[in-house]
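My plan is to look up a few side chains and their surroundings, and to write down what I find.

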Amino acid sequence: MCCFRCENDVLRVDHDLNTKISYQFIPLFNMQTIADTIDLYHLDACSLKVRQEVSTTLGQTILDYKAALFQGGRRGRQYLLRLQDVMTKKGWHYSDHLAKKVAEKSQLDLEMFMEDRHSAIAKQAFKKDQAIANSLGITTTATAVIYDSTEPNYGYLIPQFDYETLIESYRNHTFNSEQSVQDFAAQYHSGPFRIIKSN
């Protein structure tokens, strides 16, 4: 539910700002997201079978999203948001039938989608996303990583972000490669920001 809200907040920011921004939703898959899903649906956290089923479902859901993205970023995002909407608001459980139905509603080429969702290229894209998240130190969902394209080596990470923190980061903060990490972090003493630097 939190991720669904955060994704919609990103879309609102994109709509409301009078500037060009690029964004990418990267689904996170790790032991924490599995545990969070088990907790969210009040499942038996001690059951190995439940943990394996949740892991398999999350993994296939991400592969389906990657398959949808192969047909364009906008359609891929529509697929993801529609899937999350029916699962969170209507309480539908994930299944191959649901994935197919949402793909049709998102106007995806169904034959291509059904083939791509089990493809090696989707699995490679899945692994690449997890490597990116890991390299940035992201361990929990609903985390934003913000970069200024004029200073791409510096950025900051905002866990549990919302519309207001994204707008604030755009309007009030700039990156300065001459500034120390400590000085940069001091600007955000009241917020959840953390400096990151790519090598």
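Does Asp64 count as buried or exposed? I note before answering that the model is predicted. I looked up the relative accessibility of Asp64, and because the value is 0%, under the 20% cut-off, Asp64 counts as buried.

I then placed Asp64 in helix α3 and listed its contacts, leaving out residues up to four places away in sequence: Asp64 touches Tyr79, Tyr94, Ala99, Phe113 and Arg117. With Tyr94 I also found a polar contact between the two side chains, at 2.5 Å.

Next I followed Tyr79, whose contacts, with the same exclusion of residues up to four places away, include Asp64, Tyr65, Ala68, Val102, Leu108 and Phe113. Tyr79 belongs to the largest nonpolar core, which has 13 residues, and is among those that touch the most other members, as are Leu83, Met87, Leu98, Val102, Leu108 and Phe113. I checked which helices contribute, and α3 (48-69), α4 (73-88) and α5 (96-105) each supply at least two residues of this core. Apart from it I recorded another core, of five residues, including Leu28, Ala133, Leu136 and Ile138. As background, nonpolar side chains in soluble globular proteins tend to be buried together.

Last, I turned to the surface, where Leu40, Tyr41 and Leu43 form a nonpolar patch with about 260 Å² of accessible area together.

Conventions: Residues are numbered from 1 along each chain as its sequence is written. This is a predicted model: local features need pLDDT of at least 70, side-chain atom pairs count only at pLDDT 80 or more; totals for chains, interfaces and linings use all residues. Side-chain values use heavy atoms; hydrogens and water are left out. A nonpolar core is a set of buried Ala, Val, Leu, Ile, Met, Phe, Trp, Tyr and Cys residues joined through side-chain atoms within 4.5 Å. Buried means under 20% relative accessible area, exposed over 50%, partly exposed in between (1.4 Å probe, protein chains only). Helices (H or I, at least four residues) and strands (E, at least two) are DSSP runs, numbered from the N terminus. Contact means heavy atoms within 4.5 Å. Patches are made of residues with over 30% relative accessible area and no salt bridge: like charges are joined within 9 Å, nonpolar side chains (Val, Leu, Ile, Met, Phe, Trp, Tyr) within 5 Å. Accessible areas come from the Shrake-Rupley method with a 1.4 Å probe; for residues, only the protein chains shown count as cover. A salt bridge is a side-chain nitrogen of Lys or Arg within 4 Å of a carboxyl oxygen of Asp or Glu. A polar contact is a pair of N or O atoms within 3.5 Å; within protein, one must be able to donate a hydrogen and the other to accept it, and residues adjacent in sequence count only if both atoms are side-chain atoms.
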